[in-house]
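Hi everyone, thanks for making time this morning. I'd like to walk you through a structure that may be new to you, so please have a look at it with me.

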Amino acid sequence: MDSTMKPPAETSVSDEERFEDASSKEFNEKAVDEVIEKVAGVRIANSPQQNTSSSSEQTEKFVDCRSDSGSDEETLGKDGEGKPKSGEDDDDLIDDESQRDWEKGLTEEEKLANKAKADELKAQGNELFKQGDFNKSANVYTEALRICPLEYSAERSILFANRAAAKTKLNFKPSAIDDCTKAIEHNPKYLKALLRRATLYEEADKLDESMEDFKKILELDPANVEAKAAQVRLEPKIQERNERLKEEMMGKLKDLGNMILRPFGLSTQNFEMQQDPSTGSYSINFKSGN
């Protein structure tokens, strides 16, 4: 490698909303590869997960997840006939183990070149996102993840968070939650990923998980306005849900009790339930004289 060649500068961790302005650039992946190979004197090593089809074909493959085809629970990971797709056919699958094995055969120069290519793909995805082409941007972020070396946790965290943003726009919420989780695994202090996952959890009625994420956000940023408002909003929702579940459970227990007691000429009306105010536990007592 040319001694004057400097490794690509690592960008600071930013969120998916700080997209680079690439309006004056046309991103050509083949041209990027050729420039890197010519200047750095190394080849761009393609990940075994990387899709080798044309960009138009890649766009076609993400069509399975269109927002006008129903919820992502019904469409994401299914073929045109609604059948579940196998793992190897999942267009956005990121297999870390396979990538780790593949990277063992790469030189440091090749890893740096792949990192530079991933940065270019991220910029392309950012531009597509700004243009409102969320299908293509999600595809491009996937390609970047498949080539970005695993050792670059900060960069991979941003890529997962950006892809989660695109999937959120496409209304693929469970998959977006998964990507937020991967982003947080790579960077546990990534506020934007935590905030997005907390919001998605709330929308999915996973209130406890949402509250936990908002609490983590306040631990990292005690002045966070959104997290403070969410705590005030979620506490009564969680309490109301718990009361509803308790009533449903007691109703089912009453029905079961009546079924068991009926052969003995008894019913749950022959018993009374009292709650201990100090412990919150219940005791059941027989009503004498009935």
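Asparagine 171 sits in the loop between α7 and α8. Helices here are DSSP runs of H or I with at least four residues, strands are runs of E with at least two, and both are numbered from the N terminus. Asparagine 171 has a positive phi of about 70°, although it is not a glycine. Buried means under 20% relative accessible area, exposed means over 50%, and partly exposed lies in between, with a 1.4 Å probe and protein chains only.

Before I go on, a word on where this comes from: it is a predicted model, in which local features need pLDDT of at least 70 and side-chain atom pairs count only at pLDDT 80 or more, while totals for chains, interfaces and linings use all residues. Residues are numbered from 1 along each chain as its sequence is written, and side-chain values use heavy atoms, leaving out hydrogens and water.

Now let's step to either side of that loop. Arginine 163 belongs to helix α7, residues 153-169. Arginine 163 is buried, because its relative accessibility is 2%. Which residues does arginine 163 touch, not counting those up to four places away in sequence? They are Asp92, Ile94, Ala138, Tyr141, Thr142, Leu145 and Asp179; contact means heavy atoms within 4.5 Å.

Leaving out residues up to four places away in sequence, histidine 186 touches Ser153, Arg156, Ser157 and Phe160. Histidine 186 and phenylalanine 160 are 26 residues apart along the chain, and their C-alpha atoms are separated by 9.3 Å.

There is another positive phi to show you. Aspartate 205 has one of about 65° and is not a glycine either. Aspartate 205 lies in the loop between α9 (191-203) and α10.

That brings us to a pair of helices. Two packed helices are described by the angle between their axes and the distance between the axes. For α10 (residues 207-220) and α11 (residues 225-261), the axes come within 10 Å and cross at roughly 155°. The axes are lines fitted to C-alpha atoms, for helices over the stretch in contact, and angles run from 0 to 180 degrees between N-to-C directions. So α10 is roughly antiparallel to α11, a label for angles over 145 degrees. Residues in α10 including Leu207, Met211, Phe214 and Leu218 meet a set in α11 that includes Ala227, Leu234, Ile238 and Arg241. The residues of this contact divide into nine nonpolar, two polar and eight charged. Here Ala, Val, Leu, Ile, Met, Phe, Trp, Tyr, Cys and Pro count as nonpolar, Asp, Glu, Lys and Arg as charged, and the others, Gly among them, as polar.

Let me finish with the whole chain. How many helices and strands does the protein have? It has 11 helices and two strands, and from the N terminus on, the order is α-α-α-α-α-α-α-α-α-α-α-β-β. Of its 290 residues, 39% count as buried. Among contacts between residues at least 6 apart in sequence, 59% join residues at least 24 apart.

Methods
Angles under 35 degrees count as roughly parallel, over 145 as roughly antiparallel, 65 to 115 as roughly perpendicular and the rest as oblique.
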